[in-house]
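Please open the model in your viewer and keep a selection panel at hand. The stops below go from one pair of elements to the whole chain.

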Amino acid sequence: MWWHGNLNGWEWLTMLASMVAFWGLVIWAVMSVAGRRGVSTAVAPSDPEQILRERFARGEIDADDYERRRELLRR
């Protein structure tokens, strides 16, 4: 392939374009896989009491607030 190091301009250009395309593809693949890790596929709950339970579990509301809001939802 090297013919004793004598490559013409088109052969150098082809090799350069091939390497740029290869490394571009590798970088694109790594970025697309890394980007998918941050995407959440969880579906948001539609039940108001479920949302309230999750907020209480995360500590966004205290027990008194949870009970008061749950009673309001049940009316």
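Which residues in H2 meet which residues in H3? Select Pro 48, Glu 49, Leu 52, Arg 53, Arg 55 and Phe 56 in H2, and then Ala 63, Tyr 66, Arg 69, Arg 70, Leu 73 and Arg 74 in H3, which they meet, where contact means heavy atoms within 4.5 Å. Helices here are DSSP runs of H or I with at least four residues, strands are runs of E with at least two, and both are numbered from the N terminus.

Before going further, note that this is a predicted model, in which local features need pLDDT of at least 70 and side-chain atom pairs count only at pLDDT 80 or more, while totals for chains, interfaces and linings use all residues. Residues are numbered from 1 along each chain as its sequence is written, and side-chain values use heavy atoms, with hydrogens and water left out.

Next, display the axes of H2 and H3, which come within 10 Å and cross at roughly 180° (lines fitted to C-alpha atoms over the stretch in contact, with angles from 0 to 180 degrees between N-to-C directions). That makes H2 roughly antiparallel to H3, a term for angles over 145 degrees.

Now select residues 63–74, helix H3, whose 12 residues should span 16 Å at 1.5 Å a residue, and whose end C-alpha atoms are 16 Å apart, in agreement; the expected span is 1.5 Å times one less than the number of residues. Within H3, Asp 65, Tyr 66 and Arg 70 are buried, that is, under 20% relative accessible area with a 1.4 Å probe, protein chains only. Seen down the axis of H3, its buried residues fall within an arc of 130°, so they line one face of the helix (the arc is that of the directions from the helix axis to the C-beta atoms). These buried residues pack against helix H2 (48–58).

Pick out Asp 65, which has a relative accessible area of 15%; its C-alpha atom is separated by 9.9 Å from that of Leu 52, 13 residues apart along the chain.

Finally, show the whole chain, which has 3 helices and 0 strands, and in which buried residues make up 9% of the 75 residues.

Methods
Buried < 20%, exposed > 50% of the residue type's maximum accessible area, 1.4 Å probe, protein only. Parallel < 35°, antiparallel > 145°, perpendicular 65-115°, else oblique.
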